Amino acid sequence: MAQDQELLHLESLCKQLYETTDTNIRNEAEKALVNFINSPGCLQNCQLLLERAASPYSQLLAATTLTKLVNKGNAALSSEQRLEIKNYVLDYLSSRTMVAAYVQQALVQLYARVTKVGWNDTVKDAFSMRTVTDDLGKFLHNNSSMHLAIGVQLMTRLVIEVNQMTETEVHHSITWHRKISFAFRDTMLYQIFEIACELLQKVYANIKTMDLNDNIQRSFVGGSLQLALTCLSFDFIGTSNDETSDDLSTVHMPTSWRKALLDFSLMQLLFDLYKCLPPNLGALVLSCLVQMASIRRSFYINSEKNEFLNKLVTGVKLILESPQGLAEPTCYHEFCRLLARLKSNFQLGELVRCESYAVVIKLVAEFTVTSLQMWQFAPNSIYYLLSLWQRMVMSIPYVKASEPHMLETYTPEVTQAYITSRLNSVAQVVQDNLDDPLDDHAVLSQQLEQISQIGRCQYEKTCTHLVRLFEEAAQKFQELTNAGNSSAQLTIQENILSWLVYIIGAEVGGRVSFSSTDEHDTMDGELVCRVLQLMDVVDSRLAQRRCEKLDLALLSFIEHFRKIYIGEQVQRTSKVYKRLHETLGLSDESMVLSIFIRKIITNLKYWGESEAIISKTLQLLNDLSVGYSSVRKLIKLDAVQFVLTNHTSENFPFLGVNGMSTFKDTRCRTTFYLALGRLLLVDLGEDEDRYDVFMRPLATGARFLAPFSSELAVHAYYHHYYYFFTVCYNLFS
């Protein structure tokens, strides 16, 4: 009777915890349940709650409490008790298939957790937890769809649990986790993978009679695919890869698994399933294929590798010929990942020998062009498509196969599609106030790096296309400017020019010395001339109108040019400087540096309130002050001498010494004076007069180093103190 009353009390507490909106009542219930978890009879009461409780909340409490007990390890439970919990959970799920979904999920988690924690337990001289296939046979050999779905869910959760170290295992060492993971891999994982393959064969054999609109049957099919994917994604060598490293990882499948994959029937089965299943399940099929395409190269011998790649490319061709399922974003994303794997795990010379290569490369090019034109659809997937083309282009010098790779035919189409699609997106972004891709600097930088390599294949076509688009955009920009137009049309043109400047800068930065020619350098010169002319126009209008995106693009361009064409390694006979001399009268590096320094000074004068522009401008100044030859050329420029003698907030408002700016990032001041300190000390020697001239602008700040009484004066004191000693530190450190 007392036991029944306690159960009723626990159910009442669970209702208060999960249903009440009163915070105080919920807190009191939570405290009472904490005491329940720590009570001596907790294990028995949890079982009673699962058996007798009328509320699913009470069952959920029992399942999560048991999981917490298991997490405590040997201190809370013996091997026999863990075995009892495991058997009880399996019997409970087998006999009560209609429990609430969240209760079922909690029990599945409990089973996986207790099995992992007790993996090395021995009861009666036998490993009590290593009977997974026998334990779950009662589910998988049952004709009930619900039992099949639960069995697959249990097996999948177990593989995931063993494969990853969770936060609840902080009291265990990584060695403990890996011992269990490797033991599971060697004794159980392959058997589970075979079961997954058998289940998928069963799905394909009965696909015509299955009702995938039924939640239970769809759960079974999806669970079977997820089980296969989980096995293929297992961390076989204990590298603890996280999701961020997924795209660089290789599946280090054991050689003992060869018998399951050598006949390639699994790959064919997956492609057949993709054709039969709806797109949301098709995405799981493609995920499995991605993992199969990532299996280490040494897994197959050469003849097997060629056959594997042939079948993979043929399957990709069939998907591209009937791409209806790719309208689903997750399915599309996984297919893009699969395409990227074709090059990341195989060589271009191997791809061109495939029977379907000529057809596939054409279809992939068309697919890429279409994807780029749909710039708002699954933008994160574009990375994989561009990665495929980038890696293929970079492999061209190393291809020894006699078969043509045909990249010179299709890469210009991809490059032009990227450029045109970005420019066409501008009007829609401005008019509909959408998120601007130009503002996502991480993705923008990544894509520009990729397209710069792709565009370098057939560079003549890339440059011709860029020059034509740039001249059209610049002419329209000039017309709108001369007309005094400040409408959205001018904003659109500024953003179009921003894209073009970013892309031109990336293409210039994509120059590779061993594969570049004088003709390519001349083309770079054509592009550079146009950007420098635009920069002059933009700077002349800063007092009337400013565009932060365009100025950031110009800074990006200057940085790319600096890395390639300024410095000790640059050939003085570069055709770039010849073209600059013919068009703009800039005959050497010093004259180009003077243009860049003038741009730096202009930005520091007009963009004091923009942290993005000021920080990037100062970083450019800092980079220019590091090079051995460039710094000696810089010090001879009148503009640099002006900065060294007039570095005050009146000339450079971002310094804000006299409260003339709201700019707060003192790190930029540090960068500024670090660069000035380098420039000053290049040939300072014992010239005390030059040093005094440099320090003279700081005299005003130094005068404030005296006691002040008001709060405002103390604030000024702090800034001048930091300002003054920043200079001293950078000069003498």
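**Exercise 1.** In which loop is Asn-433 found?

*Solution.* Asn-433 sits in the loop between helix 19 (407-432) and helix 20 (441-455). Helices here are DSSP runs (H or I, at least four residues), numbered from the N terminus. Next, the backbone: phi of Asn-433 is near 55°, a positive value in a residue other than glycine. Last, the surface: relative accessibility is 69%, so Asn-433 counts as exposed. Exposed means over 50% relative accessible area, buried under 20%, partly exposed in between (1.4 Å probe, protein chains only).

**A note on the model.** This is a predicted model: local features need pLDDT of at least 70, side-chain atom pairs count only at pLDDT 80 or more, and totals for chains, interfaces and linings use all residues. Residues are numbered from 1 along each chain as its sequence is written, and side-chain values use heavy atoms, with hydrogens and water left out.

**Exercise 2.** Describe the surroundings of Ser-381.

*Solution.* Start with the location: the loop between helix 17 (357-373) and helix 18 (382-395) holds Ser-381. Then accessibility: at 1%, Ser-381 counts as buried. Now the neighbours. Leaving out residues up to four places away in sequence, Ser-381 touches Tyr-332, His-333 and Cys-336; contact means heavy atoms within 4.5 Å.

Technical notes:
Helices (H or I, at least four residues) and strands (E, at least two) are DSSP runs, numbered from the N terminus.
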